[in-house]
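Okay, thanks for coming, everyone.

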Amino acid sequence: MILSRRRLLYLFASTAAAALATRSLAAAGPASSLYPAKQCGKWGYIDRKGTMVIAPRFDIAWPFSDNLAPFKQGDKWGYLDTAGTEVLSPCFDEARIFHRTLSPVRVGTLWGFIHSDGSYGIPLQFDSARSFQDDRARVRVKGKWGFIDS
């Protein structure tokens, strides 16, 4: 069977999207019910059956954690809930996933940690920050990495 260039590109795009969805399923873990999936250059969310539940409209979308997911539109990041509602409008320069009610966000050159309502649990003060794992988060201040407790 000879495939046309168009069919071959579609096959490649479909295979790549399936691979991304599979990685998203593995990364999101069993607690999540929605997974990032890219379609026509935009990101949305699919359920376990592969049905698009939240229409693709984001430039970047990350997995849900604590029922919220960071997404990027334009040059700013925000958070949405599992219904697809923007809980925190895009206002952060960078954002990561929530863990135990805290998520690292960057505004300008500094990082801090926010609660799901957008209030700061730990103010902007770090040069870099990672999400909490096992009640600790890695942070960098003046070129040195360390840990903070939640």
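So, which residue takes a positive phi in the hairpin of β9 and β10? That's G108, with a phi near 70°, and the hairpin has 2 residues between its strands.

Quick housekeeping before I go on. This is a predicted model, where local features need a pLDDT of at least 70, side-chain atom pairs count only at pLDDT 80 or more, and totals for chains, interfaces and linings use all residues. Residues are numbered from 1 along each chain as its sequence is written, and side-chain values use heavy atoms, with hydrogens and water left out.

On confidence: pLDDT is the predictor's confidence in each residue, from 0 to 100. The chain averages 86, and 79% of the residues score at least 70. Over residues 3-16, though, the pLDDT is below 50, and beyond near neighbours in sequence that stretch has 2 contacts in the model, a contact being heavy atoms within 4.5 Å.

Strands here are DSSP runs of E, at least two residues, numbered from the N terminus, and two strands pair if DSSP finds at least two bridges between them. β9 (residues 103-107) pairs with β10 (residues 110-114) in the antiparallel sense over 5 bridges. On its other pairing, β9 is joined by 2 bridges to β8 (residues 94-95), also antiparallel.

Buried or exposed? S103 is buried, because its relative accessible area is 0%, and buried means under 20% (1.4 Å probe, protein chains only). A polar atom of the S103 side chain lies 3.5 Å from the backbone oxygen of I97. Not counting residues up to four places away in sequence, S103 touches several residues, including Y79, R96 and F113.

Now the aromatics. Rings of Phe, Tyr and Trp (its six-membered ring) pair if their centres lie within 6.5 Å; planes under 30 degrees apart are stacked, over 60 edge-to-face, and the rest tilted. The structure holds 8 such pairs. Take Y45 and F58: the centres are 6.4 Å apart and the planes at 65°, so that pair is edge-to-face. Y45 is in β2 and F58 in β3, 13 residues apart, and both are buried. F58 and F71 have centres 4.7 Å apart and planes at 45°, so they're tilted. Ring pairs link Y45, F58, F64 and F71 into a cluster.

Definitions and conventions. Helices (H or I, at least four residues) and strands (E, at least two) are DSSP runs, numbered from the N terminus. Buried means under 20% relative accessible area, exposed over 50%, partly exposed in between (1.4 Å probe, protein chains only). A polar contact is a pair of N or O atoms within 3.5 Å; within protein, one must be able to donate a hydrogen and the other to accept it, and residues adjacent in sequence count only if both atoms are side-chain atoms.
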